[in-house]
Amino acid sequence: MDDQLQKVLVVDDSQTNLALLKHMLRDIECRVVQAESGAEAVERARNNDFAVILLDIQMPGMNGYEAAAKIKEHERSRNVPIIFITAIYQDEENVHQGYETGAVDYLFRPVDPEILTSKVKAFLQMHRQKMLLESEVEQRRNTETALRVAEEKYRSIFERAIEGIFQCTLGGEYLEANPAMLRILGYEKMSDVVNIPALRDAHMIEEHHRRLYRELLARDGAVTNFEFRLRRCDGEVIWCSESSRLVRDAEDRDFVEGVLEDITERKNTELELKRLATVDSLTGIANRHRFFDRLEHALALAKRYERIVAVLFVDLNDFKQVNDTYGHQAGDELLCMVAERLQQRTRESDTLARLGGDEFGILLSDVRDREGAFSVTENLLNVVREPYAVRGHELTIGATIGISFYPEDGKDPVTLISRADAAMYGAKRQGKNDYGTFGDYGLP
């Protein structure tokens with residue numbers, strides 16, 4: 001009975017990961033076959049018919065990319081869909097390399113069980129349909145009935161697919177589109193889409209996307225997972241992913257056929273995660289990582305155009321006393337209020353960030369002279385000193401600011417920030433000034 005089940009190949013050099021993936025697939029009607037290396041995976045793929053392969057990238061000896069390439073070389077395993085699973089190779093370059101070696105999808109660890117099972121089920125269903133179709137076509141290959149049945153089945157898939165399926169001319173005129181394609185574009189009738197000149201380009205918003213799409217299609221004859229923003233006929237803007245290829249018909253005319261998917265939800269989640277990676281979770285302003293990134297960019301421009309850059313290191317005075325007296329929630333609210341005030345007094349071209357605890361960094365990316373930086377600093381100190389209403393209490397808090405300048409105090413982010421920090425502590429030790437520069441205290 002088990003031999004009749006469709007097979008799923010799971011490849012990982014970790015016994016723990018193999019066991020975990022097998023456990024996730026326990027409720028799916030399939031036979032899970034395991035391989036502990038790339039070489040073993042290639043051998044199993046050449047001697048078995050798999051519906052899908054779940055392939056780890058980072059393995060000793062033959063890694064996932066190399067194993068995928070070997071699997072695609074063999075006739076029996078060439079068309080088996082491969083889903084890469086990785087914890088570290090998540091950057092765009094590695095993802096692109098994966099697709100070039102034949103992957104159809106990526107899953108990133110920790111693997112979401114629901115996403116894994118839904119994808120495996122989908123490929124099992126596709127494999128089941130493929131086997132049924134191949135069996136029927138083989139049995140009725142030389143009969144008109146076989147052709148009619150196959151055409152009806154493919155038409156059913158075409159009509160009921162959740163992805164948009166289309167054919168269009170090189171000029172962007174749709175020749176055929178399935179119902180899902182109409183829904184994605186926002187139309188109700190086929191006549192609103194088919195045979196309308198240049199309709200495809202009209203829905204792709206950015207010109208650079210249209211230009212890049214045409215260049216890739218002309219160069220490679222195909223595009224894979226090409227992401228772009230699309231404006232529906234009602235004006236709504238969504239994110240789409242397209243995979244398409246050039247095809248030549250019997251009359252030697254070129255046209256494009258492809259699949260279009262609405263990825264708005266996934267793309268918005270992806271963009272939000274990228275945003276959160278550079279934002280301080282408490283105050284909503286930039287975090288330390290973003291501050292360093294913006295500072296590196298500002299220094300590159302300053303070097304090219306011979307500009308002055310100022311780095312301000314802001315430390316709140318007696319903030320620990322607020323936490324000890326009124327509690328950490330009050331302290332957090334106070335930090336948010338301080339951040340909001342500082343943000344209101346920071347130019348759009350500059351950067352405010354929370355560096356940690358009650359410390360903030362401010363990048364003045366283009367100041368005319370030192371006096372300009374001092375004027376900004378005094379303004380920031382004044383706004384911080386104004387009273388705060390926190391949980392029924394009126395609180396007053398001050399700040400001390402250390403300043404360093406590019407290029408005289410340093411020419412790299414670490415040096416400039418550390419010297420602004422040193423200047424802040426120098427001002428605190430002196431006890432008279434609310435701010436000071438790195439050179440004010442005879443610091444080496």
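These are my notebook entries on a predicted model.

**Entry 1: the parallel sheet**

I found an open sheet of five strands, paired in parallel. Reading across, I noted the order β2-β1-β3-β4-β5. Which strands are at the edges? They are β2 (31–35) and β5 (103–108), and each of these pairs on one side only.

Next I took one pair in detail. Strand β1 covers residues 7–11, and five bridges join β1 to β2. The two strands run parallel. I picked Lys7 and looked for its bridge partner in β2, which is Arg31.

**Entry 2: helices on the sheet**

I then asked which strands helix α1 lies across. Helix α1 (residues 15–24) lies across β1, β2 and β4 (82–86). Its direction is at about 170° to β2. Helix α3 packs on the sheet too, and I found it touching β3 (50–56), β4 and β5. The direction of α3 makes about 170° with that of β4.

**Entry 3: α2 against α3**

Two packed helices are described by the angle between their axes and the distance between the axes. I looked up both values for α2 (residues 38–47) and α3 (residues 64–73). The angle is about 20°, and the axes are 9 Å apart. Angles under 35 degrees count as roughly parallel, so α2 is roughly parallel to α3. The crossing of α2 and α3 is right-handed.

Which residues meet here? From α2 I listed Gly38, Ala41, Val42, Ala45 and Arg46. From α3 I listed Ala67, Lys70, Ile71 and Glu73. By class, this contact has five nonpolar, one polar and three charged residues.

**Entry 4: antiparallel strands**

I moved on to β10 (residues 254–262) and its partners. Strand β6 (residues 164–169) pairs with β10 in the antiparallel sense, over six bridges. In this pair, Ile165 stands opposite Val259 in β10.

How many bridges join β9 to β10? I found nine, and these strands run antiparallel. Strand β9 covers residues 237–248. As one example, Val247 has Phe255 in β10 as its bridge partner. Five residues lie between β9 and β10, which form a hairpin. In the turn, Asp252 has a positive phi of about 65°.

I checked Arg200 in helix α8 (residues 199–203). Is Arg200 buried or exposed? The cut-off for buried is under 20% relative accessible area. Arg200 has 6%, so it is buried. I left aside its neighbours within four places in sequence and listed its contacts: Phe166, Cys168, Gly172, Tyr174, Tyr213 and Glu242. Phe166 and Cys168 fall within the residue range of β6, 164–169. Glu242 falls within that of β9, 237–248.

Asn323 is in helix α12 (residues 319–326). Its relative accessibility is 15%, so Asn323 counts as buried. Neighbours within four places in sequence aside, Asn323 is in contact with His328 and Gly331.

Last, I looked at Phe438, in the segment after β17 (435–437). Phe438 has a relative accessible area of 7% and is buried. How far apart are Phe438 and Ser418? They are 20 residues apart in sequence. In space they are 9.7 Å apart, C-alpha to C-alpha.

Key: Residues are numbered from 1 along each chain as its sequence is written. This is a predicted model: local features need pLDDT of at least 70, side-chain atom pairs count only at pLDDT 80 or more; totals for chains, interfaces and linings use all residues. Side-chain values use heavy atoms; hydrogens and water are left out. Axes are lines fitted to C-alpha atoms, for helices over the stretch in contact, and angles run from 0 to 180 degrees between N-to-C directions. Helices (H or I, at least four residues) and strands (E, at least two) are DSSP runs, numbered from the N terminus. Angles under 35 degrees count as roughly parallel, over 145 as roughly antiparallel, 65 to 115 as roughly perpendicular and the rest as oblique. A crossing is left-handed if the near helix is turned anticlockwise from the far one by less than a right angle, and right-handed if clockwise. Contact means heavy atoms within 4.5 Å. Ala, Val, Leu, Ile, Met, Phe, Trp, Tyr, Cys and Pro count as nonpolar, Asp, Glu, Lys and Arg as charged, and the others, Gly among them, as polar. Two strands pair if DSSP finds at least two bridges between them. Buried means under 20% relative accessible area, exposed over 50%, partly exposed in between (1.4 Å probe, protein chains only).
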